[in-house]
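Subject: Structure for your files

Hello,

Here is the structure I said I would pass on. My notes on what turned up in it follow below.

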Amino acid sequence: MSGTRRLEELLGIQTPIVLGPFGGLSSVELTAAVSGLGGLGSYGLYGYTPERIRETVQALRAATANPFAVNLWLPTGDEVDPIDADLDAAIGAVAPFFVELGIDVPPVPARFLPDIDEQLETVLETRPAAVSLVYGVPPAWFLDRAHSLGIRVIGTATTAEEAVALEASGADAIVATGFEAAGHRVSFLAPAEQSLVGTIALVPQVVDAVTIPVVAAGGIGDRRGVAAAFALGASGVQVGTAFLRTRQSAAPDAHRQAISHSPAHGTMLTRAMSGRLARGIPNRATSTIEDQRAIARFPAQNWLTGQFRTEAARQNHGELLSLWAGQAAAVSRSTEADEVFAELTAGVPDGH
């Protein structure tokens, strides 16, 4: 049975509610707000250079004195380098979007992503309270140094087998993320399509398989989902979409509007926007790319769509954004982070 140590004690927080980290949509304001309310605010550092990581953690520290987490993506080994990326067909499929937005397709960069070891080293240097990682098992050197600095390391599992591997590595807690969740399916022991376990089935199996605290994620948007997660044996919950909809997130207004109008069946799993399987609301960008069947490998596809998504966000053009959202998007109706947090807190059982 998991949770031999309370999540609150482990992370130095008051309430076992974790903000889902948004790669590209995190904001200092929302992260600090959740931490300030007594939960664990999280900030996604996907694609951040060491300098930007330092600046972000500094800004978070200035905004809250409470514990917060930062999130990084581990490499899986299937990433494509720019020199090997065949982008011709993928560029052809999305070229009309660049024209529509009034921008040019930029040249392919020398590298798509910063070096992961440099990112991890910088995170250790900045010493957040916790680091959450997706797409794999943390390196032993990182875990050893993180623990020596008092930094908690949170792994992410989409199957019970992944959870076992994470505990064996030395992770301090595990986010068990069901396929209902928004964004990328962060499987690493088997392909994402073969690891689509729902939250209500996944959480108790992970709880039974490990002894460290388990945080339930996916399809949780109000007090009912929180209560259900604890009934399944979770020690806490991680919530993304309900917070992404709030005005404190970095999501464009068009993204927030799409979330507010998305029914449970209104999301899809697609590789169109990044080259990896992810859950979001379908739009013209996803349908065009899928119809063309021209999706480059990750992270080439993510870099390519990112070039027009940035401008689409500036123009608030929802049809050309990555509209990440989970299946419980319609459950939460508030646009204020404190209201979302209060609703979720109401589902935490007394003396859990």
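Thr159 sits in the loop that links strand E5 (152–157) to helix H7 (160–169). Helices (H or I, at least four residues) and strands (E, at least two) are DSSP runs, numbered from the N terminus. Thr159 has a relative accessible area of 11% and is therefore buried (buried means under 20% relative accessible area, exposed over 50%, partly exposed in between, with a 1.4 Å probe and protein chains only). Apart from neighbours within four places in sequence, Thr159 is in contact with Ser195, Leu202 and Val206, where contact means heavy atoms within 4.5 Å.

Before you read on: this is a predicted model, in which local features need pLDDT of at least 70 and side-chain atom pairs count only at pLDDT 80 or more, while totals for chains, interfaces and linings use all residues. Residues are numbered from 1 along each chain as its sequence is written, and side-chain values use heavy atoms, with hydrogens and water left out.

**The parallel strands**

Strand E8 (residues 214–217) pairs with strand E6 (residues 173–177) in the parallel sense, over four bridges. Two strands pair if DSSP finds at least two bridges between them. Within this pairing, Val175 has Val215 of E8 as its bridge partner. E8 is also joined to strand E9 (residues 236–239) by three bridges, again running parallel, and here Val215 is partnered by Gly236 of E9.

In a regular strand, side chains alternate between the two faces of the sheet. In E8, Val214 and Ala216 point one way, Val215 and Ala217 point the other way, and all are buried.

E8, helix H9 (residues 223–231) and E9 together make a right-handed β-α-β unit. Right-handed here means that, with the strands pointing away from the viewer, the path from the first strand over the helix to the second runs clockwise.

**Helices H10 and H11**

Helix H11 (residues 253–260) has Ala254, His255, Arg256, Ala258 and Ile259 as its buried residues. These buried residues pack against helix H10 (241–244).

Ala242 is a residue of H10. Its relative accessibility is 7%, so Ala242 counts as buried. Not counting residues up to four places away in sequence, Ala242 touches Gly221, Ser332, Ser334 and Val340. The C-alpha atoms of Ala242 and Phe341 are separated by 9.3 Å, although the two residues are 99 residues apart along the chain.

**The antiparallel sheet**

Three strands make up an open sheet with antiparallel pairing, in the order E7-E11-E10. Strand E7 (183–184) and strand E10 (268–270) are the edge strands, each pairing on one side only. E7 pairs with strand E11 (residues 278–280) in the antiparallel sense over two bridges, and His184 stands opposite Ala278 in E11.

**Asn283**

Asn283 lies in the loop between E11 and helix H12 (284–292). Which backbone oxygens lie at 3.2 Å and 2.8 Å from a polar atom of the Asn283 side chain? The one at 3.2 Å belongs to Glu319, and the one at 2.8 Å belongs to Leu321. A polar contact is a pair of N or O atoms within 3.5 Å; within protein, one must be able to donate a hydrogen and the other to accept it, and residues adjacent in sequence count only if both atoms are side-chain atoms.

Asn283 is buried, because its relative accessible area is 6%. Leaving out neighbours within four places in sequence, Asn283 is in contact with Gly318, Glu319, Leu320, Leu321 and Leu323.

Regards
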